[in-house]
Structures are given as structure tokens and as C-alpha cells.
Amino acid sequence: MNSPRIELSAPDITEKEIQAVTEVLRSGKLSLGPRLAEFEEAVKSLTGAKYAVAVNSGTSGLFLCLKAMGIAPGDEVITTPFTFIASVNVILQVGAKPVFVDIHPDYLNMNPDLIEEQITSNTKAIEAVHAFGNPWGIDEVQRIARSRDLLLIEDSCEAIGTVYKNIPAGMFGDAGFFAFYPNKQITTGEGGIIITNNELLADICRSLRNQGRSPNAGWLSHERVGYNFRLSDINCALGTAQLSRFEEIKQKRAQAAGKYIEKLNSDKRLIMPELPEDCNFSWFVFVVRLTEDYSLKQRNELLDMLRSEGVCASNYFPPVHLQPFIKAPLGIKEGCFPVTESVSSRTVALPFYSSLRDEQIDFVCEKLSLCLDRLYL
Ligand SMILES: Cc1ncc(COP(=O)(O)O)c(C=O)c1O
């Protein structure tokens with residue numbers, strides 16, 4: 001008999017989603033049809049945003065925000081080195097310079113106390129990322145952006161459905177965006193969406209995603225250099241079906257996280273995720289950290305051991321600033337962002353999805369404890 005293997009993530013797909021997608025296929029209207037507007041409306045009602053522009057990935061969402069804001073060569077964008085690579089790649093793709101700010105050791109987002117010293121006459125925007133969906137610090141970042149007349153872009157790819165201090169994640173900035181890869185809280189297969197209260201920004205993003213077309217002119221009338229970043233009606237129908245089950249999915253994920261915390265909280269070798277106060281949290285991943293007694297090498301050994309025991313685990317996130325193509329051109333040295341480097345070397349993302357059963361969580365925790373026992377100190 002094969003030993004069980006527990007995946008790192010899994011989408012939550014029911015007959016409802018299958019039916020919604022099948023209906024689109026039968027309708028013959030596969031793109032720019034009624035499902036696109038329906039999906040955008042559903043995201044607007046979840047977040048309270050005035051405008052939503054669906055695109056084919058979270059990365060495309062960020063790219064269009066930066067383009068629509070006019071961020072270009074010569075501009076600097078302040079961001080975190082503790083994120084998924086796309087957050088920073090896109091700054092480089094528009095020709096701007098990423099300027100990193102180290103993270104808070106407990107909450108893992110940019111430390112707002114360190115932002116002001118990085119602002120120069122070239123700074124155009126702050127791109128805040130909610131690492132693992134945690135919005136901690138965004139209110140303070142918003143205050144800094146406003147007081148220094150900087151644009152604020154919220155990379156909320158991992159935070160859909162989180163409400164912090166009564167404001168939905170994605171709504172603190174001039175624009176926010178979500179991602180819908182199948183490891184996210186909800187999926188469209190691939191996809192993303194921009195949210196904003198700025199009508200002009202939304203109009204530009206809508207034009208940019210559709211080959212630079214103007215909304216009221218013909219198919220072959222283009223008013224700017226554009227892209228094909230459209231999200232098909234097939235993806236949108238899947239997204240709307242997922243959103244109709246959002247509370248159920250959010251709750252199941254919260255239960256799984258609660259169960260992990262209950263099982264692992266007393267293990268002194270581990271640091272549990274830290275959530276801020278006044279936060280209705282939508283869990284994206286479950287990432288524990290090893291204490292500072294452990295090295296990067298030991299963490300990596302632990303990941304290998306877990307995988308060989310059938311538990312898929314990952315090292316979310318290696319420091320972005322140490323990726324060779326970022327480190328060398330920006331002249332960054334190892335040790336520049338010590339908190340990020342220290343945290344990154346000790347994270348362990350455990351299997352996490354809404355249909356994770358209690359006995360699977362028991363299995364993961366048992367294997368984690370066993371593998372930790374086997375790690376030398
Ligand atoms: C923080 C963050 N930003 C951006 C992205 C990019 O989203 P996508 O993979 O849909 O392009 C992701 C995706 O995982 C992410 O986690």
C-alpha cells in the first residue's frame with residue numbers, strides 16, 4: 001500500500017463550480033461575455049470597491065496598476081524583500097527600481113518605522129504586500145504614503161476576504177489586487193483582479209488589459225499601447241461560483257488553522273503565525289517558523305524529511321533581494337535585510353487547504369514532531 005501524501009495546497013471545487021464552467025462552455029460566449037461583469041461585481045461586493053478589473057493573473061494586475069499609475073524608468077518603488085518574486089519582478093518590468101525595507105520580526109510585513117528613511121525625490125509609490133495574507137501595518141503605511149504624497153499599491157494577492165480595522169484588504173491603497181492561482185483561498189484556475197475607487201485608474205487598466213482599446217470605440221480602435229491580459233468567461237464563472245461559497249471556504253480554512261495551532265502551540269521548537277488585533281483573517285497558508293536555534297541547513301533538511309514522510313512542505317519565501325538577478329544589479333549584499341534573511345531561513349509552510357481533514361492535520365503534526373526529534377541541535 002502507498003503511504004499517504006498530503007499536498008501543500010488544493011483547490012476547493014464542487015459541482016457548483018463544474019456546472020458554472022459547463023454553462024459557459026455551452027453558451028458559446030467564452031470571453032468578454034456576461035460572466036466577466038458578474039465576477040467583477042462579486043468582487044466589488046466582497047470588498048466594497050467601486051471598480052474591479054479582472055485580469056489573467058495577479059502579476060498582470062500589479063503590472064497594469066504600475067503602468068496605469070505611470071510608474072516608469074527613473075522611479076523608485078518601496079517594497080518588501082519578503083514576498084513572492086512577482087511583487088518585485090513587475091517593478092523591474094516597468095523599468096523602475098525596487099527599494100527594499102526590512103520586515104517586522106513577528107508580523108513579517110515591511111516595518112513601517114523603516115520606510116521614511118528610504119524615501120527619496122525619486123520615490124513614486126509604496127507597494128505593500130500582505131505576507132501570507134496578513135495586513136498588519138498597512139494602516140501605518142497608508143498614513144506614510146498620504147503624508148509624503150506617494151501612491152500606495154496593495155499587493156493583496158494572498159489576502160482576499162481579510163478585513164483589518166474594518167477595512168477590507170486591498171482597499172487601503174490607491175489600488176489593490178488579488179490572485180487566483182489554485183493555491184489561493186479561491187481560484188479561477190489562473191487569474192487576478194484589480195480593485196480601486198479611482199475611476200480613471202480603473203478605466204486605464206480596463207483599456208490596457210484589452211490591447212489598449214477605448215471602451216466605446218470599435219474592436220480595431222486603440223488609444224494606447226496595450227496587452228492581452230483578459231480573463232475568459234470560463235475563468236470568471238469559476239471565480240463567481242467560488243465567491244458564492246466564500247464564507248464557507250473561509251470558515252473551513254480558519255478551522256484547519258485553528259486545529260494546527262491547537263496541536264502545535266505547545267511545541268517550543270516552533271513559532272506560530274502572529275495575527276494583529278482587530279483583524280477578521282482569511283487564511284491563505286499555514287506557515288510556522290523554527291526558533292532561532294535552527295539554521296537554514298537544518299530547516300532545509302527538515303523540509304526534505306517531511307517530504308519523504310509524505311508531507312509536502314515548502315520554504316515560503318526565500319529573500320527576494322538575494323535572488324541573483326536582483327542582488328547583483330542593485331548592489332545588494334547578504335545581511336542588508338537581516339530580519340528577512342533570518343525569518344526566511346526558518347519558515348516551514350505546511351499543507352493547507354479547506355478540505356484538509358482533522359486526521360490529515362494529525363498526521364502532518366505527528367510527522368513534523370518526529371522529523372524535528374530527528375534533527376540534531
Ligand atoms: C504576494 C503575491 N504577489 C503576486 C503574486 C502573483 O500572482 P499570480 O501567480 O496570479 O501571477 C502572488 C502569487 O502567488 C503572490 O503571492
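Start with the largest pocket of this predicted model: 29 residues line it, and Phe84, Ala86, Glu158, Lys184 and Phe317 are the ones nearest its centre. A pocket here is an open set of points on a 1 Å grid over the protein atoms alone, with protein on both sides within 12 Å along at least five of seven lines, and a lining residue has an atom within 4 Å of a point. The volume comes to about 560 Å³, where a volume is the space filled by probe spheres set on the points, and grid points are joined across faces, edges and corners.

Which elements give two or more residues to this lining? They are helix 3 (58–68), helix 4 (86–93) and strand 8 (175–179), and helix 3 supplies the largest share, 3 residues. Helices (H or I, at least four residues) and strands (E, at least two) are DSSP runs, numbered from the N terminus. By type, the lining splits into 14 nonpolar, 11 polar and 4 charged residues.

In contact (heavy atoms within 4.5 Å) are 33 residues of domain 1 and 35 residues of domain 2.

The second largest pocket has a volume of about 250 Å³. Its lining includes Leu32, Asp203, Arg206, Trp219 and Pro215, and it divides into 4 nonpolar, 4 polar and 4 charged residues.

Finally, pick out Thr123, which lies in strand 4 (residues 123–129). Is Thr123 buried or exposed? It's buried, with a relative accessible area of 9%; buried means under 20%, exposed over 50% and partly exposed in between, using a 1.4 Å probe and protein chains only. Leaving out residues up to four places away in sequence, Thr123 touches Glu76, Ile78, Gln118 and Leu150. Its side chain also reaches the backbone nitrogen of Thr120 at 2.8 Å.

A word on the ground rules: residues are numbered from 1 along each chain as its sequence is written, and side-chain values use heavy atoms, leaving out hydrogens and water. Local features need pLDDT of at least 70 and side-chain atom pairs count only at pLDDT 80 or more, while totals for chains, interfaces and linings use all residues.

Key: Polar contact = N/O pair within 3.5 Å; in protein donor to acceptor, adjacent residues only side chain to side chain. 1 Å grid on protein atoms, 1.4 Å probe; cavity = no way out; pocket = protein on both sides within 12 Å on 5 of 7 lines; lining within 4 Å. Nonpolar A, V, L, I, M, F, W, Y, C, P; charged D, E, K, R; others polar.
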